[in-house]
Amino acid sequence: VGNVMPKKHYRTQETLPNKRRVDCLILLPEPSGHMAIDSKFPLENYQKQFSTSSQSEQNQYATQFKQDIKKHIDDIASRYILPPETTEHAVMFLPAESLFNETLNRFPDIIEYAQKRKVCISSPTNLMAIIYASRSIIKDHRTHQHMRKILKHLSSLGKDFSLFEQRLTKYFSHIK
């Protein structure tokens, strides 16, 4: 996050109003709320399923891995989705592409479950896209704020020119 997002637009290990600490909070402009990103990776059961040659044990560890992910989705949904303080969704970051791909390919129902719980499961590559999109939202918001100031100054300048025109017309009438 720190490589892409300016420091003033995110916080790490931020404590939310419910006293829960999130790994990263992207500070989006109002009225969006801030976006919570939490790194959860049930690595133990994931690795165990590949360390055994027994098909039944592999299936058992895969089932436990799926349950672990579901639990993390529920934790993220209940802890870090707090509108209006946060966005209406949160990001569950899986820090390895292989872990993300395994989840996506093997358990499409988990992805659907996460969507229903408003949790976006993200890999390192996907997270970069989310961060860049967030940065664009922040930049657009700043641009709109500057545009409002410019329009306000132009309106004021227009009034000044109108007043100047009235005075100039009056001046020319006096000269005639």
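**From the hairpin to the helices**

E1 and E2 form a hairpin with five residues between them. In its turn, Lys 19 has a positive phi of about 70°. This is a predicted model: local features need pLDDT of at least 70, side-chain atom pairs count only at pLDDT 80 or more, and totals for chains, interfaces and linings use all residues. Residues are numbered from 1 along each chain as its sequence is written, and side-chain values use heavy atoms, with hydrogens and water left out.

Start with the strands. Strands (E, at least two residues) and helices (H or I, at least four) are DSSP runs, numbered from the N terminus. E1 and strand E2 (residues 21-26) run antiparallel and are joined by five bridges. Two strands count as paired if DSSP finds at least two bridges between them. Thr 12 stands opposite Cys 24 in E2.

Strand E3 (residues 34-39) and strand E4 (residues 86-93) run parallel, joined by five bridges. Here Ser 39 stands opposite Phe 93 in E4.

At 12% relative accessibility, His 9 counts as buried. Buried means under 20% relative accessible area, exposed over 50%, and partly exposed in between (1.4 Å probe, protein chains only). Leaving aside residues up to four places away in sequence, His 9 touches Leu 25, Ile 26, Leu 27, Ile 138 and Arg 142. Contact means heavy atoms within 4.5 Å.

Now the helices. The buried residues of H1 are Asn 45, Tyr 46 and Gln 49. Seen down the axis, they fall within an arc of 105°, so they line one face of H1. The arc is that of the directions from the helix axis to the C-beta atoms. They pack against H2 and H3. The face turned away from them carries the exposed residues Glu 44 and Ser 51.

H3 buries Leu 99, Phe 100, Glu 102 and Thr 103. Their arc is 160°, so they too line one face of the helix. Their cover includes helix H1 (43-51), H2, H4, strand E5 (119-122) and helix H5 (124-175).

Which aromatic pairs are there? A search of the whole structure finds two. Rings of Phe, Tyr and Trp (its six-membered ring) pair if their centres lie within 6.5 Å; planes under 30 degrees apart count as stacked, over 60 as edge-to-face and the rest as tilted. Phe 65 and Phe 107 have ring centres 5.9 Å apart and planes at 50°, so this pair is tilted. Phe 65 lies in helix H2 (residues 55-80) and Phe 107 in the loop between helix H3 (97-106) and helix H4 (108-116), so the pair ties together parts 42 residues apart in sequence. Both Phe 65 and Phe 107 are buried. The rings of Tyr 171 and Phe 172 also have centres 5.9 Å apart and planes at 50°, so that pair is tilted. Tyr 171 is partly exposed, at 48%. Phe 172 is partly exposed, at 46%.
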